[in-house]
Amino acid sequence: HHIHLSNMITKLIQLKAKPAKSTELNSLVQSLIEPSRHEVGCIKYDAYSDDSGSIYILEEWESSETLEAHKLTAHFLNFKQAGPELIEEKGSISLKQL
């Protein structure tokens with residue numbers, strides 16, 4: 001089972017919670033981790049926080065197709081629906097492996 005690095009998609013998502021919403025946002029992000037890791041084509045799905053309370057999701061997918069399929073899952077749609085009430089800022093960076 002060979003993964004073509006050229007097709008692989010790596011994203012770093014940064015989230016900043018609204019005031020007093022960080023605990024809820026942490027829980028919401030944690031609800032994504034396990035189910036996402038079990039999806040077809042998911043290579044990596046890890047979440048981190050820093051001292052300022054920002055959350056980072058580092059995700060790696062075998063292809064854009066598997067990432068698109070991820071966006072249709074129940075756990076992702078739940079995040080998309082609940083997120084706006086909790087998230088103040090959101091950023092996304094696409095990364096390429098060196």
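This is a predicted model: local features need pLDDT of at least 70, side-chain atom pairs count only at pLDDT 80 or more; totals for chains, interfaces and linings use all residues.
I started with the largest pocket and asked how much space lies in it. The value came out at about 210 Å³. I then looked up which residues line this pocket and found 13 of them. Closest to the centre are Ile13, Glu59, Lys71, Phe76 and Lys90.

I noted six nonpolar residues, five charged ones and two polar ones.

Which elements give two or more residues to this lining? I listed strands E1 (9-17), E3 (55-61) and E4 (87-95), along with helices H2 (64-70) and H3 (74-86). H3 gives the largest share, with three residues.

**Entry: helix H1**

I moved on to H1, which runs over residues 22-37 and has 16 residues. From its first C-alpha to its last I get 23 Å, close to the 22 Å expected at 1.5 Å a residue.

Which residues of H1 are buried? My list reads Leu25, Leu28, Val29, Leu32, Ile33 and Ser36. I looked down the helix axis and found these buried residues within an arc of 155 degrees, so they line one face of H1. On the other side I found Thr23 and Gln30 exposed.

I also checked what the buried residues of H1 pack against. The partners are strands E1, E2 (42-49), E3 and E4, plus helices H2 and H3.

**Entry: Ala20**

Ala20 is in the loop between E1 and H1. Buried or exposed, then? Ala20 has 81% relative accessibility; over 50% counts as exposed, so Ala20 is exposed.

**Entry: the loop between E2 and E3**

I looked up two residues here, Asp51 and Ser52. Asp51 has a relative accessible area of 87%, so I put it down as exposed. Ser52 comes out at 48% relative accessibility and therefore counts as partly exposed.

Then I took some C-alpha distances. Asp51 and Trp61 are ten residues apart along the chain, and their C-alpha atoms are separated by 28 Å.

**Entry: Glu62**

Glu62 is in the loop between E3 and H2. I read off a relative accessible area of 24%, so this residue is partly exposed. I went back to Ser52 for a distance: Glu62 and Ser52 are ten residues apart in sequence and 31 Å apart in space, C-alpha to C-alpha.

**Entry: Thr66**

My last stop was Thr66, in helix H2. The relative accessible area is 14%; buried means under 20%, so Thr66 is buried. What is Thr66 in contact with, once I leave aside neighbours within four places in sequence? I found Val40, Gly41 and Trp61. I took one distance here too: Thr66 and Gln97 are 31 residues apart along the chain, with 18 Å between their C-alpha atoms.

Definitions and conventions:
Residues are numbered from 1 along each chain as its sequence is written. Side-chain values use heavy atoms; hydrogens and water are left out. On a 1 Å grid over the protein atoms alone, a cavity is a set of points where a 1.4 Å probe fits but cannot get out, and a pocket is an open set with protein on both sides within 12 Å along at least five of seven lines; lining residues have an atom within 4 Å of a point. Grid points are joined across faces, edges and corners, and a volume is the space filled by probe spheres set on the points. Helices (H or I, at least four residues) and strands (E, at least two) are DSSP runs, numbered from the N terminus. Ala, Val, Leu, Ile, Met, Phe, Trp, Tyr, Cys and Pro count as nonpolar, Asp, Glu, Lys and Arg as charged, and the others, Gly among them, as polar. The expected span of a helix is 1.5 Å times one less than its number of residues. Buried means under 20% relative accessible area, exposed over 50%, partly exposed in between (1.4 Å probe, protein chains only). The arc is that of the directions from the helix axis to the C-beta atoms. Contact means heavy atoms within 4.5 Å.
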